[in-house]
Amino acid sequence: MKQGTEQVAAQALEHVKQAATAAQPILFLTGAGMSAASGVPTFRDALTGLWAKYNPTELATPEAFAANPKLVWDWYMMRKSMVENAEPNEGHRVLAAVQNHFPAMQLVTQNVDNLHQRAGSRNVIELHGNITRIRCSRCGTPAATFVEQQDEPPRCACGHFLRPDVVWFGESLPEDALQQAERAAASCALVISIGTSGIVYPAAGLPQLARQAGAVHIEVNVEPTALSSQADYFVQDSAASFLQRLS
Ligand code: BJW
Ligand code: ZN
């Protein structure tokens, strides 16, 4: 780590320790960079192989599912299997451990990969759903099991296609999760955003919401993002490396 970067990291860590000692509420907001060390590609990384010709942001829409349900279904089944075969990394484990010592922390994630939960974090606020859950695209009924079909996604008993329980562009976020996240942002003393490009709303607005209510914002990312210029501290580091220094 460069010297200037190391100084900012040390100051940011000092800030976290002070907030923790004073039992102030801390909000962690995580994005895809959190799971990079688990081998899960970030959303805006180019995927290789079979899917390289598709743009992820173009497949994660209701329009794409309506136009080509089998293509979108297969893409999600491939990613579901990828995250189920991945393991939580040290960063996920540190966050789970921090919660044990410090229940006033709140974890809000944009990730759909279930890795925070598998690392032992509790009450994770899932803003964009969870790719390991499948539900009906019409009636919402969860599907524990399903049988793959040749030319289309499996169907619910109501006759409509099953789909991953994630939030696509243009869809509303789960109301409860968004409300809880906004409440946590408005009442925290410190918000730490980790591994997110900060371009997808409303999640990207949470650090700013917190700052407007008086919180300090620490951003952790391997490179500057849309959020960096407004953060109180921008720590240029990987998620796992920064979080290990908290334990
Ligand atoms: C590391 C690292 C390491 C790498 N360590 N770091 C206001 C303004 C403008 C537009 C809108 C707005 N409000 C709503 C919108 C529209 C839209 C939106 O935000 N569009 C923008 C792109 C412009 N939002 C929506 O449609 C949302 N719905 C909504 O608001 O409903 C009401 C409404 C609708 C329409 C209009 C207006 C209002 C829904 C958003 C749903 C997002 N869904 C996805 C897909 C989930 C399912 C799936 O996985 O397929 O969620 S999109 C994708 O982006 C995914 C992610 O959760 C999300 C955020 O991505 P994230 O986590 O930031 O990942 P990356 O890849 O972008 O970045 C990774 C970062 O990690 C990088 O910075 C790396 O440097 C870093 N990194 N390795 C630390 N080791
Ligand atoms: Zn149904």
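**Close-up 1. The zinc ion (ligand 2) and its donor atoms in the predicted model.** The four donor atoms around the zinc ion (ligand 2) form a tetrahedral arrangement, because the angles that they subtend run from 102 to 124°. For four tetrahedral donors at a metal, the ideal angle is 109.5 degrees. On the protein side, the donors are the SG atoms of Cys136, Cys139, Cys156 and Cys158, which lie 2.3 Å from the zinc ion. Along the sequence, these donor residues follow the spacing C-x2-C-x16-C-x1-C.

**Close-up 2. Ligand 1 in the largest pocket.** The shell around ligand 1 comprises 33 residues, of which Arg44, Tyr76, Arg79, Gly170 and Ser197 come nearest. Sorted by class, this shell holds 16 nonpolar, 13 polar and four charged residues.

**Close-up 3. Contacts of ligand 1 with Arg79, Gln110 and Ala239.** The side chain of Arg79, which is also among the residues that come nearest to ligand 1, places an N or O atom 2.7 Å from an oxygen atom of the ligand. At Gln110 a backbone N or O atom lies 2.9 Å from an oxygen atom of ligand 1, whereas at Ala239 a backbone N or O atom lies 2.9 Å from a nitrogen atom of ligand 1. Ligand 1 taken alone exposes 1,500 Å², and the protein buries 74% of that area.

Definitions and conventions. Residues are numbered from 1 along each chain as its sequence is written. Chains are lettered from A and ligands numbered from 1 in the order in which they are written. This is a predicted model: local features need pLDDT of at least 70, side-chain atom pairs count only at pLDDT 80 or more; totals for chains, interfaces and linings use all residues. Side-chain values use heavy atoms; hydrogens and water are left out. A residue is near a molecule or strand if one of its heavy atoms lies within 4 Å of it. A polar contact is a pair of N or O atoms within 3.5 Å; within protein, one must be able to donate a hydrogen and the other to accept it, and residues adjacent in sequence count only if both atoms are side-chain atoms. Accessible areas come from the Shrake-Rupley method with a 1.4 Å probe; for residues, only the protein chains shown count as cover. On a 1 Å grid over the protein atoms alone, a cavity is a set of points where a 1.4 Å probe fits but cannot get out, and a pocket is an open set with protein on both sides within 12 Å along at least five of seven lines; lining residues have an atom within 4 Å of a point. A molecule sits in a cavity or pocket if more than half of its atoms lie within 2 Å of its grid points. Ala, Val, Leu, Ile, Met, Phe, Trp, Tyr, Cys and Pro count as nonpolar, Asp, Glu, Lys and Arg as charged, and the others, Gly among them, as polar. Donors are N, O and S atoms within 2.8 Å of the metal (3.2 Å for Na, K and Ca); water is not among the atoms, so sites may look incomplete. Four donors count as tetrahedral if all angles lie between 85 and 135 degrees; four count as square planar and six as octahedral if opposite donors are over 155 degrees apart and all others between 65 and 115; anything else is irregular.
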